[in-house]
Amino acid sequence: MALEEFLANLEAAGASPSTVRSYRYAIKDFLEFTGKVYVEELSPQDFTSWRIRRMREGFRFGRGTKDASAWTLYYYSLFVRSFLAWLGVLKEPLPSIGKPRNRRLHVVLSREEIAKLVNASRDLVDVLVVALLLETGLRAREALSLRKSDVDLERREIRVSNAKFGESRIVFVGPLTYEVLSKYLPMLKDDDRLLPLSYTGLYKRLKSLAVRAGIDPRKVRPHVFRHTFATESLKRGMALPALQMLLGHRDIKTTQVYLHLAVEDVKNTYLKLFYGGNATATT
């Protein structure tokens, strides 16, 4: 089947399982919408009609959840375009796709919320999950692939071998992570996984932790810790290229999306420098 071959090529090129799943969902949704059996029958009009329908009705996920996000439509449209270009069956060019005007604002955790999560932890694994994701900016699947042998506690380094795009990198052990690992590592064998959890297990553990901490569970997701790490790093003065390396981004433009989250801190710094810290913003 053409779709399976296309997805296999994506995976071979280094796409993560979550990326492949997104491509699969978008393309299957498009193909089911057209109702056409043979790819040779597909046309640019099919693509346009599908986008118009999804623009009006959004995408429906599990349990009837609806996603009408302009960004979801933007990325899913790109996925379908990539598939159709790979097929090479269309003689007419597809309509161009413009990016939504407003950037998505990444959700981040406040320092008070982080403290609540740590205090609500039941065991060392709970604390390690929070500390590791928060102080390294690792993707969830990267963190879940780590083994004891990947950690050099003396050098305060962690080697990420199972990184996105198949590239390895080094991230660093923060103070809370160091404190937890000092107690936790002696309990493990060299080949033991650092976090004995599946992705679903990690997700559920974070949700339970949020409930105990009195935080909206919708806000506590694995990737939110990555956003928080990136934002906090910029606020503390980390250079963008350094942050790019730690996050494992191929393109620095991907890292730049976090800059707008630090604008308020930059503004406060400006006011302190030019108004002696006593000024308030006026419009």
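Buried, as used in these legends, means under 20% relative accessible area, whereas exposed means over 50% and partly exposed lies in between (1.4 Å probe, protein chains only). This is a predicted model, in which local features need pLDDT of at least 70 and side-chain atom pairs count only at pLDDT 80 or more, while totals for chains, interfaces and linings use all residues. Residues are numbered from 1 along each chain as its sequence is written, and side-chain values use heavy atoms, with hydrogens and water left out.

View 1. Helices (H or I, at least four residues) and strands (E, at least two) are DSSP runs, numbered from the N terminus. Leu3, Phe6, Leu7 and Leu10 are buried in helix 1. Seen down the axis of helix 1, these buried residues fall within an arc of 95° (taken from the directions from the helix axis to the C-beta atoms), so they line one face of the helix.

**View 2. Helix 2 and its packing partners.** Among the buried residues of helix 2 (residues 17-34) are Val20, Tyr23, Phe30 and Thr34. The buried residues of helix 2 pack against helix 1 (2-12), helix 3 (44-57), strand 1 (59-60) and helix 4 (70-87). Glycine 35 follows helix 2 and has a positive phi, near 70°.

**View 3. Confidence along the chain.** The protein chain averages a pLDDT (the predictor's confidence in each residue, from 0 to 100) of 85. Confidence is lowest in strand 2 (residues 66-67), at a mean of 48, and highest in helix 8 (residues 175-184), at 97.

Conventions
Contact = heavy atoms within 4.5 Å.
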